[in-house]
Amino acid sequence: MPATADVIRERLGALNPLTVDLRDESEQHAGHAGAASGGGHWELTIASEAVRGKTPVARHRMIYEALGDLMKRDIHALTNEAFAPEQL
């Protein structure tokens, strides 16, 4: 079974990212209710042409849509920033 980080990166491929910086911050949340349920805490920075011209809320929705059921099962919390390539 692939690691959660690998599955996240694979699913984000739907956005044709130029860069993906994904960090597992689950250890910082040990003892937190979400950690107890098995869902991880992640921080994501992504650059993609797909988000060009989109509002921050629309960009977040695109990421959540790409991750699909992971947001209900494997990901308890996701901090994310999405940029058009020249915004990095």
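A polar contact here is a pair of N or O atoms within 3.5 Å, where one must be able to donate a hydrogen and the other to accept it. Keep in mind that this is a predicted model.

Is Ser 48 buried or exposed? Buried means under 20% relative accessible area, so at 2% relative accessibility Ser 48 counts as buried.

| Backbone atom | Distance to a polar side-chain atom of Ser 48 |
|---|---|
| Oxygen of Leu 15 | 2.4 Å |
| Nitrogen of Ala 50 | 3.0 Å |

Leaving aside residues up to four places away in sequence, Ser 48 touches Leu 15, Asn 16, Pro 17, Leu 18, Phe 83, Ala 84 and Pro 85.

Now for helix α3, residues 56–67. Its 12 residues should span 16 Å at 1.5 Å a residue, and the end C-alpha atoms are 17 Å apart, which agrees.

Which residues of α3 are buried? They are Arg 59, Ile 63, Ala 66 and Leu 67. These residues lie on the same side of α3, because they cover an arc of only 100° around the axis. An α-helix has 3.6 residues a turn, so residues three or four places apart point the same way. The buried residues of α3 pack against α1 (4–12), β2 (40–47), α4 (70–73) and β3 (75–83). On the other side of α3, Arg 61 and Glu 65 are exposed.

After α3 comes Gly 68, with a positive phi near 50°.

Notes: Residues are numbered from 1 along each chain as its sequence is written. This is a predicted model: local features need pLDDT of at least 70, side-chain atom pairs count only at pLDDT 80 or more; totals for chains, interfaces and linings use all residues. Side-chain values use heavy atoms; hydrogens and water are left out. Helices (H or I, at least four residues) and strands (E, at least two) are DSSP runs, numbered from the N terminus. The expected span of a helix is 1.5 Å times one less than its number of residues. Buried means under 20% relative accessible area, exposed over 50%, partly exposed in between (1.4 Å probe, protein chains only). The arc is that of the directions from the helix axis to the C-beta atoms. Contact means heavy atoms within 4.5 Å.
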